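Subject: Structure handover

Hello,

Please find the structure below. My notes on it follow, grouped by topic.

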Amino acid sequence: MPVSNPRLKLLLQAIDLEEKEQVQRFSLDQQHTLKSLKAEGLALHPVSVTRKTFGYLDYPEISFRINYPAETQQFRDGAAIECFLPGQEPVKGMLLHLEGKTGEFRLFAPDYPDWLEENGVGIKLAPDQRTTALMKSAIESVEKSAALLTLFQEIHGDAPAKKSVPVNTSSLTFFNRSLNESQQHAVRAVYDNEGMVILHGPPGTGKTTTVVEAIRQLVGRGDKVLVSAPSNTAVDHLTLGLLSHGLIVLRVGNAGKADEKIFPHTPEGKLGNSQQQKEIRQLKKRAEEFRRMALKYKKSFGKAEREQRNLLFK
């Protein structure tokens, strides 16, 4: 059902325009040649594949090297990319990291493309349609929730803001005795308010410390708490704060670069020594053996060899 709120409509239109602009800017066609994309720092071509493996969620992960001076400033960690070979269907992926002339990317595909190690393979920036799809979904969900829509309208001045809910001044024993009066007030607001509380403060004013204390108070009274943040780094920062006080935490998200202190508290870390994980490792070894056998077949072979190759891949 389409949104009816004018401001939400405007946000969705803005995202559509941005997405179309990205598609046009990153496309490889007659208007945007490979040479022009390279000149704008939007493509790295060619790249040399140095290592192939299967990583997070068993996606193919490829290490590569650039053997020439290249403009790499726009290739930031986490950027949406496409791995391509002229004349072949490109494969979508994500840049994991790029430092100097070496980097690594992940492909959102069940296996490597057959042409991956041929001459002329490159990577180019691509529209981040996954993020824009999430943004659209989030905006559409605002109108489905009366509380969210009211808050959205209040923040943007489309509706009169409600008066602040008074904070219960009853005594609360703080775990962290070093909190100042403002931080204590914020913790009480979170503890007492059944609706929504917004904590605001400039950098360095102890927002994370305050949030950690509030979570400890909520857990202390028997609540279960879901914490989210806009980046893996922010989630890790909060996780370390909670772990340092002995709380039981399950950190969900990309565990590929999780701190060694945090990894045991991820699903992957908790499953590390389980029987199921041991079976998974054995299956992955067998899968890799079949993959190597299939890749031994050359491009020109008969019907029987082609069927055998397909069976091995399957």
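The model is a predicted one. Searching the whole structure for salt bridges gives 9 of them. A few are described here.

Salt bridges

Take Asp-158 and Arg-7 to begin with. They form a salt bridge in which the closest N and O atoms are 2.9 Å apart. This pair links distant parts of the chain: Asp-158 sits in the loop between α4 (146–155) and α5 (181–192), while Arg-7 belongs to helix α1 (residues 6–26), and 151 residues separate them. Asp-158 has a relative accessibility of 39%, so it counts as partly exposed. Arg-7, at 32%, also counts as partly exposed.

Another salt bridge joins Arg-106 to Glu-61, again with 2.9 Å between the closest N and O atoms. Arg-106 is in strand β6 (residues 102–107) and Glu-61 is in strand β3 (residues 60–65), so this bridge ties together parts that lie 45 residues apart in sequence. Are these two residues buried or exposed? The cut-off for buried is under 20% relative accessible area. Arg-106 has 5% relative accessibility and therefore counts as buried. Glu-61 is buried because its relative accessible area is 10%.

Arg-221 and Asp-223 make a salt bridge as well, and their closest N and O atoms are 2.8 Å apart. Arg-221 is partly exposed, with a relative accessible area of 41%, and Asp-223 is partly exposed at 31%. There is also a network of salt bridges, which links Asp-16, Glu-19 and Lys-136.

Helix α1

How far apart should the ends of α1 be? At 1.5 Å a residue, its 21 residues should span 30 Å, and the end C-alpha atoms are 30 Å apart, so the two values agree.

Which residues of α1 are buried? They are Leu-8, Leu-12, Ile-15, Glu-19 and Phe-26. Around the axis they cover an arc of only 70°, which means that they are on the same side of α1. The other side of the helix has exposed residues, namely Pro-6, Leu-10, Leu-17 and Lys-20. The buried residues of α1 are covered by elements that include α2 (34–39), β7 (122–125), α3 (129–144) and α4.

The N-terminal end of α1 is capped by Asn-5, which has a side-chain oxygen 3.0 Å from the backbone nitrogen of Arg-7. Arg-7 is the residue that forms the salt bridge with Asp-158.

The sheet

The structure has an open sheet of 7 strands with antiparallel pairing, in the order β1-β7-β4-β5-β6-β3-β2. Which strands stand at the edges? They are β1 (43–44) and β2 (48–54); each has a single partner strand, so one side of each has no neighbour in the sheet. β1 and β7 run antiparallel and are joined by 2 bridges. In this pair, Ala-43 is opposite Lys-124 of β7. Strand β7 is also among the elements covering the buried residues of α1.

A residue in α5

Gln-183 is part of helix α5. Its relative accessible area is 11%, so Gln-183 is buried. What does it touch? Leaving out residues up to four places away in sequence, Gln-183 touches Ser-178, Thr-205, Gly-206 and Thr-210.

Regards

Definitions and conventions. Residues numbered from 1 in each chain as written. Predicted model: local features only at pLDDT ≥ 70, side-chain atom pairs only at ≥ 80, totals over all residues. Heavy atoms only, no water. Salt bridge = Lys/Arg side-chain N within 4 Å of Asp/Glu carboxyl O. Helix = DSSP H or I, 4+ residues; strand = E, 2+ residues; numbered from the N terminus. Buried < 20%, exposed > 50% of the residue type's maximum accessible area, 1.4 Å probe, protein only. Expected span 1.5 Å × (residues − 1). Arc of directions from axis to C-beta. Contact = heavy atoms within 4.5 Å. Polar contact = N/O pair within 3.5 Å; in protein donor to acceptor, adjacent residues only side chain to side chain. Pairing = 2+ DSSP bridges.
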